[in-house]
Amino acid sequence: MQIELDLANPNFTLLHRAGVAGLWMTLQQLTKEKVNPPEGLIWELTSRKVILSASGSDQIALEWLLKESFQLRDGLIALRGINAKTMRKDALAIVHKGILGTFLQHNSTHKSTGVKTESFSLGEDGQEILVNYKVLTSYVYQDFAKNLCDQKGKFLSKSIPVAGWLNPGAVVRHIAFSAHTSFEEFPESALALLFAPVACYYYILRSKLRDKRAQYALVIPEVINLEKFAAYKQDIHQRYASYQDFNATSLGDAGLRFLTYETTAKTANLFEIPRCQVVTLGTVAWSTQQKTRTDLYLVEADAKICHNYQICRDEMCDRIVVNQKGQTFISPSFARELIAENLARGQAWYAGISEQVNSQDLFKMLTYERGGLYQMIQKVEWSEKERLFVQACHEALYYTYGKLADQKSQSSELPNFDKVNTKIRTGLSRCKNAETFREFIVDFWSRAGQIPTLKAHWEDLMDLIMSEKYWKKSRDLTLLALASYKGKGVSKPEKEDKDDDDSEDQGGIEFPWG
């Protein structure tokens, strides 16, 4: 047997290359631990290739390799390639649940003695979360050698059928036409796919929008240097990440979280991982018995995208919540889900917010994070024109609330700002074209009175209002302003002829923009 797996193979997908990396890491770990292979089995590792050869029985050599590579630790999948024996148990549980939720999601791929509940720490605060996971006694990776060899124990030279657990998404499309719709691989390629779980990353999805349609995200890195990728995978910060670190709100959130480990430069340049592919698997109506691939795309992040995403992560963290029963769970950030999806797709970070947040409940959920949204507006890299538009809308809200407060103070009633927000939001949702949006924004701004930013930057902002191609962008910016506004109103608008620094005559006005 002579097997040469080269990253330059034109037939290899990102998953195949990840598999080559997984095999490389496994053989490297076996070498470090000085585990003696069967007589005749040797390997050679370079930055681009894995060369595996056996002079004895091919099947015996492969059976030994798979037995040593795919093990169990207290019922959890323990991969030799990531030195799972020394990993924290909560990090090991994420890998275990991730593999079972992506590659081995069908019950026929593993044997279990039942479900176990264990408590894991969520960080330095001492909070703990209960995690359920299957306790395994075996799984298909351990016994796959016989599928790669003939009856005489020789490594096969013809292609073999590939099951869905070996390549998620590559499944028979119709059982009646299995011969024409099934996937096949050469045994060398199948061996590479077998080790892909070692190099991949797994995130539990907690989406507010997708519900059960996406429960797991499988992150497949683009590996271009085997040695450098192994160093990345074995980094101490990766190995000691907590359970909470592998929860994501969306496909984009998972991909960008992987790519923005520490700094963009370190991930892309030092470890040579420029992009990754993210696959989401979840339950769909036509196949409730197993998780189906529901989305897939390539995430490639430049410096600007990673900068904006890191601000998003800092300002919109998941919350650790304890319910009335005393149970702890992770509450994901709804705003980060929206923003990360846009950033991962190379769109404006606020794009489509007015279409996604299409109900009062979702709007309330978004406004819970108004502080984080406000900080995003201040810190992200985006156009000055967009920032000024949001600023003008904030000032319009400032005066609108102030007028309402002034009216209610005369009748000793409390102003109902939520009612105003609902009226503005529903009016915005009725804008279905450029003309209706122009009518809305003109009415909104005119009712507020004198708006300093609008007056000072009239020509710049008119382009966003009058242009046919920008009305959806402006609608999104308006909703963003409504959801992120965190200031207070004033009793009356600033007079046009007042000096800007005459604070006493302005009634102590303090705009939320400082």
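Biologist: How many residues of helix α10 (residues 251–259) are buried?

Modeller: First, this is a predicted model, where local features need pLDDT of at least 70, side-chain atom pairs count only at pLDDT 80 or more, and totals for chains, interfaces and linings use all residues. Residues are numbered from 1 along each chain as its sequence is written, and side-chain values use heavy atoms, with hydrogens and water left out. Helices are DSSP runs (H or I, at least four residues), numbered from the N terminus; buried means under 20% relative accessible area, with a 1.4 Å probe and protein chains only. Helix α10 is mostly covered, and its buried count is 9 of 9.

Biologist: Which side chain makes a polar contact with the side chain of E386?

Modeller: E386 sits in helix α17, which spans residues 384–410. E386 counts as buried because its relative accessibility is 9%. A polar contact is a pair of N or O atoms within 3.5 Å; within protein, one must be able to donate a hydrogen and the other to accept it, and residues adjacent in sequence count only if both atoms are side-chain atoms. At 2.9 Å, the partner of E386 is K473.

Biologist: How many disulfides does the structure hold?

Modeller: C317 has its closest cysteine sulfur in C312, too far for a bond. The number of disulfides in the structure is 0.

Note on methods: A disulfide is a pair of cysteine sulfur atoms within 2.5 Å. Helices (H or I, at least four residues) and strands (E, at least two) are DSSP runs, numbered from the N terminus. Buried means under 20% relative accessible area, exposed over 50%, partly exposed in between (1.4 Å probe, protein chains only).
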